[in-house]
Amino acid sequence: MRTAIYPGSFDPPTYGHLDIIERAAGQFERLVVAIGVNTSKNPFLPVEDRCSLLTECTGHLANVEVMTFHGLLVDFARSLDCRVLVRGLRAVSDFEYEFRVTMANRRMAPDIETLFLITRDEYSFLASSVVREVSRLGGDPSPFVPPSVAQKIAERLK
Ligand code: PNS
């Protein structure tokens with residue numbers, strides 16, 4: 001089965017992430033949305049919330065699963081016998097970071113390929129960090145995230 005992994009922090013998941021998930025799910029038999037757990041970072045939303053929100057928001061896509069992983073992404077990919085990673089690219093500013101990580105992953109795992117999907121233009125500015133900042137400063141995140149995510153953010157900031 002052709003499996004791809006779409007990894008990220010998804011803190012919180014945005015419409016931009018969902019756009020990439022929907023488009024990637026159309027290209028592979030199975031898409032694993034993989035939430036990287038970074039124990040040295042203090043997350044905005046707990047990983048359990050990100051996992052349940054992503055599961056709910058992708059419920060209409062039968063070939064999408066949501067998982068969490070610790071450690072190296074390439075080790076997680078190998079544990080699933082997966083050889084394809086998908087990342088979204090918004091603007092040129094994403095490129096340098098993505099280039100570095102892709103090169104490091106390729107050096108560690110030459111058999112694993114990274115494919116990039118260019119974001120739809122209406123989401124080209126959208127990042128989880130923007131959503132966190134808007135929300136923390138009292139703005140309404142609902143133009144950027146699905147209603148269930150906006151509700152979870154509101155609960156988190158209560
Ligand atoms: O959405 P993000 O924050 O850009 O996602 C980053 C993520 C989780 C995909 C990345 O940090 C990651 O792969 N972390 C696992 C550790 C790893 O394998 N790093 C790559 C070598 S530098």
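Predicted model: local features only at pLDDT ≥ 70, side-chain atom pairs only at ≥ 80, totals over all residues.
User: Hi! Where is the place of Phe 10?

Analyst: Phe 10 sits in the loop between strand 1 and helix 1. Helices (H or I, at least four residues) and strands (E, at least two) are DSSP runs, numbered from the N terminus. Residues are numbered from 1 along each chain as its sequence is written, and side-chain values use heavy atoms, with hydrogens and water left out.

User: Thanks! And is Phe 10 buried or exposed?

Analyst: Phe 10 is buried, with a relative accessible area of 2%. Here buried means under 20% relative accessible area, exposed over 50%, and partly exposed in between (1.4 Å probe, protein chains only).

User: What is phi of Phe 10?

Analyst: Phi is near 50° for Phe 10, a positive value in a residue other than glycine. Most residues other than glycine have a negative phi, and most peptide bonds are trans. Asp 81 also has a positive phi, near 60°. Asp 81 lies in the loop between helix 3 (73-79) and strand 4 (84-89), and it is exposed, at 57% relative accessible area.

User: Which peptide bond is cis?

Analyst: A cis bond joins Asp 11 and Pro 12, with omega at about 5°. Pro 12 is in the loop between strand 1 (3-8) and helix 1 (15-25).

User: Switching topic: what is the strand order in the open sheet?

Analyst: The open sheet has 5 strands in the order 3-2-1-4-5, with parallel pairing. Strand 3 (64-69) and strand 5 (113-118) stand at the edges with a single partner strand each, so one side of each has no neighbour in the sheet. Neighbouring strands are turned by 30° against each other on average, direction ignored. Axes are lines fitted to C-alpha atoms, for helices over the stretch in contact, and angles run from 0 to 180 degrees between N-to-C directions.

User: How many bridges join strand 2 to strand 3?

Analyst: There are 6 bridges between strand 2 (residues 30-36) and strand 3, which run parallel. Two strands pair if DSSP finds at least two bridges between them. In strand 3, Met 67 stands opposite Ala 34.

User: Which strands does helix 2 touch?

Analyst: Helix 2 (residues 47-57) packs on the sheet and touches strand 2 and strand 3 (contact means heavy atoms within 4.5 Å), and its direction makes about 160° with that of strand 2.

User: How many salt bridges are found in the whole structure?

Analyst: The search finds 12 salt bridges. A salt bridge is a side-chain nitrogen of Lys or Arg within 4 Å of a carboxyl oxygen of Asp or Glu. One of them joins the side chains of Asp 11 and Arg 50 at 3.8 Å, N to O. That pair links distant parts of the chain, with Asp 11 in the loop between strand 1 and helix 1 and Arg 50 in helix 2, 39 residues apart.

User: Are Asp 11 and Arg 50 buried or exposed?

Analyst: Both Asp 11 and Arg 50 are buried.

User: Which residue forms a salt bridge with Arg 87?

Analyst: Glu 98 does, and the closest N and O atoms are 2.8 Å apart. Glu 98 is in helix 4 and Arg 87 in strand 4, 11 residues apart. Glu 98 is buried at 7% relative accessible area, whereas Arg 87 is partly exposed at 22%.

User: Which residues are linked in a network of salt bridges?

Analyst: Asp 19, Arg 23, Arg 120 and Glu 122 are linked that way.
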